[in-house]
Structures are given as C-alpha cells and as structure tokens.
Amino acid sequence: PAAAVVTSAAVTLTVTKQVSQDIPMKLHKVTADWGEGNSNAGDPGGIGATPLVNDATWIRRFHNTISWATPGGDFVSTPSSTTSVGNALFDPPPTWSGAGIVADIQAWRTTPANNYGWILIGDETSPYSAMRFGSRENLTSADRPRLSINYSIAPQPTAYDVWSGIHFPSSPPGTYLDPRGDLDGDGIFNQIEYAYGFSPLVYNTISSSQFTTLVQSNENDGTDFTVTFRRDSSATDLTYQLQTSDNMIDWITIARSIAGTTTFGDNTGNVISDEAVSGTIRLVTVQENLPTGSNEKRFVRLQVLRNP
C-alpha cells in the first residue's frame with residue numbers, strides 16, 4: 001500500500017547442494033541491470049555451462065553485448081546482510097535480514113526502476129566452498145527463494161488535519177483542533193469555518209458564509225424556496241446536507257455533497273447550480289418547490305458531518 005512503511009524483511013534460500021559448511025554468505029544490492037539466458041549446468045552441477053544470449057556472467061551483464069563496469073558485478077560494496085550457511089541437512093534454510101535489507105526494499109519501493117536485486121557472494125578465496133541454492137524454477141516449491149516483508153501503515157492526516165496544519169504550521173502533524181471550538185470568537189465553530197473554507201483565526205461575519213434564502217411565487221401558483229450555501233470541495237472528509245422543515249423537529253434533506261463531490265438533489269430538492277467562485281470554494285443553489293396553497297412555515301439548515 002502507498003502508506004506502508006517496511007518494518008522488517010527476510011530473504012530465505014534453500015541450500016540444495018554444498019561442499020562445506022559454516023561459510024559466511026553476503027547479500028549486496030546490485031546497481032545495474034542484468035540478464036538471464038537459457039544456459040543450464042544440469043546435474044550434478046558445479047562445473048558451469050557455456051553462456052547463452054543475455055546470460056549474466058563474470059564479465060557480462062548481458063552476454064555477449066553489455067559488460068559489468070567491474071568484473072564480477074556492479075554492486076554496493078557494503079553488504080546489506082550477512083549470514084553463515086551451516087549444514088543443509090540439519091539446519092533451517094539460511095535467512096538474511098536486518099536494517100540493510102529493509103533499507104534496500106524501501107529504496108526500491110520509492111524508485112522501482114532501480115530495483116536490480118541482490119548478488120550473493122560467498123568465500124571467493126578458499127577452495128571447496130561452493131554452494132548451490134534452489135532457484136525460482138526449482139521443481140520443489142518449498143526450495144524456491146522467499147522474500148518475507150512486514151510493514152505497518154501510519155495513520156494518514158484527514159483533510160481536516162491538512163486544513164488545520166495550513167493555519168497552524170508550527171504545530172505537529174495531527175494536532176487536535178476541536179471542531180466545536182471558536183478560536184476567533186466569531187460565533188462560527190472550527191468545523192464550520194473549515195466547511196466554508198475560512199480561517200479559524202480570522203473573524204468572519206455570518207453574512208460572509210453566503211447562506212441566503214429566497215421565497216418566490218412560481219407560474220404554477222406554487223412557491224419556490226431557493227437556498228444558497230457555500231462549500232469547500234477540498235473538504236473531502238465532510239458531508240454537506242441541506243435540510244428543510246416545517247416544525248424544526250422533522251427535517252428532510254433536499255441536497256447533499258459527499259466527500260467533495262458535486263452537490264445532488266435529494267427528496268424534494270433540485271440543485272440549480274454548483275459553481276466555483278474562488279479556488280476550491282463553490283457556491284451551491286438549491287430550490288424546493290412548495291405546493292400550491294401551501295402557507296406552512298419553512299425552516300432551513302445546513303448540516304455538516306465529518307465522514308468516518
């Protein structure tokens with residue numbers, strides 16, 4: 001996942017043949033691309049085979065066209081991990097782990113194009129120190145290489161946290177800002193300041209919210225009740241619900257905007273417009289048609305909810 005942080009990792013290989021044991025084997029991060037051809041030393045192995053097209057060899061990254069910058073391979077000189085390979089008959093398969101492996105994986109995750117894997121280097125000075133490891137083509141799946149990764153996902157800031165951080169840049173990320181607080185004393189809660197795209201530190205008048213109502217007779221002898229309200233499309237963790245009532249007890253939602261999306265009509269509401277006025281700030285106009293002869297009182301409110 002995009003927010004994942006690698007906490008530990010381990011490379012496990014299976015020794016399928018060995019001459020000696022207790023040999024330190026080092027994993028180094030490779031710094032150049034390399035190929036794989038169709039050569040196969042077969043059984044019993046140990047004497048190599050003639051390289052074929054694209055094989056990686058001591059001299060070539062891709063046989064017989066592209067060479068390593070340094071014979072033997074291009075890799076980081078400091079090993080990412082070292083382990084001693086014991087007796088393959090009795091010991092568990094050798095595993096390489098630690099901070100170096102984690103750092104390599106994290107780097108490859110950040111820049112996948114630089115992922116050229118590892119090179120495994122053993123004792124290159126003593127005779128009779130060769131080993132054979134199961135490859136990804138091994139007929140026994142349990143003998144194939146394994147890379148195990150553990151990761152955690154750090155909590156991601158909400159859009160409300162991001163807005164708060166803009167106005168309180170010196171506060172640590174995730175600092176709690178009470179949604180029902182009113183730091184500037186303008187009578188508008190912080191969450192509503194956020195919903196309108198205001199600053200919690202600047203005094204705003206109620207009229208600056210651009211919340212207006214208009215009652216007009218229509219051509220069908222009915223009444224059009226028109227409401228305009230302001231919203232911020234970057235407030236993607238909010239749901240705006242425009243609601244009306246004739247008794248202030250039973251409320252009907254006539255329009256909604258969810259997670260920053262365009263406002264849509266609900267029940268008896270019809271969205272006339274949802275227009276950008278400045279940056280991410282939008283002005284929404286909703287109309288509710290009241291039936292002919294309706295003399296009921298009409299109350300309206302904008303309910304702003306934080307999405308879970």
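In which loop does Asn 64 lie? Asn 64 is in the loop between strand E4 (60-62) and strand E5 (66-67); helices (H or I, at least four residues) and strands (E, at least two) are DSSP runs, numbered from the N terminus. A cis peptide bond, with omega of about 5°, joins His 63 and Asn 64.

This is a predicted model, in which local features need pLDDT of at least 70 and side-chain atom pairs count only at pLDDT 80 or more, while totals for chains, interfaces and linings use all residues. Residues are numbered from 1 along each chain as its sequence is written, and side-chain values use heavy atoms, with hydrogens and water left out.

**Overall form**

The secondary structure of the chain consists of three helices and 18 strands. The radius of gyration of the chain is 34 Å, whereas a compact globule of 308 residues would have a value near 19 Å. The radius is taken over C-alpha atoms, and the globule rule is 2.2 Å times the number of residues to the power 0.38. The C-alpha trace spans about 100 × 45 × 40 Å along its principal axes.

Of the 308 residues, 34% count as buried. Buried means under 20% relative accessible area, exposed means over 50%, and partly exposed is in between (1.4 Å probe, protein chains only). The chain exposes about 17,900 Å², and carbon and sulfur atoms supply 54% of this area. Accessible areas come from the Shrake-Rupley method with a 1.4 Å probe; for residues, only the protein chains shown count as cover. Among contacts in the chain with a separation of 6 or more, 60% are between residues 24 or more positions apart, where contact means heavy atoms within 4.5 Å.

Strand E13 (residues 238-245) is largely enclosed by the rest of the structure, because eight of its eight residues are buried. Leu 238, Tyr 240, Leu 242 and Thr 244 point one way from E13, and Thr 239, Gln 241, Gln 243 and Ser 245 point the other way.

E13 pairs in the antiparallel sense with strand E18 (residues 299-306) over eight bridges; two strands pair if DSSP finds at least two bridges between them. In this pairing, Leu 242 stands opposite Leu 302 of E18. E13 also pairs in the antiparallel sense with strand E14 (residues 252-258), over six bridges, and Tyr 240 stands opposite Ser 257 of E14. The hairpin of E13 and E14 has six residues between the strands, and Met 248 there takes a positive phi near 65°.

**Other backbone features**

Most residues other than glycine have a negative phi, and most peptide bonds are trans. Phi of Gln 210 is positive, near 60°. Gln 210 is in the loop between helix H3 (190-196) and strand E11 (212-217) and is partly exposed, with a relative accessible area of 30%. Phi of Ala 259 is also positive, near 55°. Ala 259 is in the loop between E14 and strand E15 (264-265) and counts as partly exposed, at 32% relative accessible area.

**Salt bridges**

Side chains of opposite charge can pair when their charged atoms come close. A search of the whole structure finds nine salt bridges, each being a side-chain nitrogen of Lys or Arg within 4 Å of a carboxyl oxygen of Asp or Glu. The table gives some of the pairs.

| Lys 29 | Asp 104 | 3.9 Å |

Lys 29 lies in strand E3 (residues 23-29) and Asp 104 in helix H1 (residues 99-110), so the pair ties together parts that are 75 residues apart in sequence. Asp 104 is buried, at 7% relative accessibility. Arg 231 in strand E12 (residues 223-232) and Asp 274 in strand E16 (residues 269-278) are 43 residues apart and link distant parts of the chain. Both Arg 231 and Asp 274 are buried, the latter with a relative accessible area of 11%. Arg 282 is partly exposed, at 22% relative accessibility. Elsewhere, a network of salt bridges links Glu 36, Arg 136 and Glu 137.

**A nonpolar surface patch**

Leu 147, Ile 149, Tyr 151 and Ile 153 form a nonpolar patch on the surface, with about 380 Å² of accessible area together. Patches are made of residues with over 30% relative accessible area and no salt bridge; like charges are joined within 9 Å, and nonpolar side chains (Val, Leu, Ile, Met, Phe, Trp, Tyr) within 5 Å. Ile 149 is in strand E10 (residues 146-153) and counts as partly exposed, at 37% relative accessibility.
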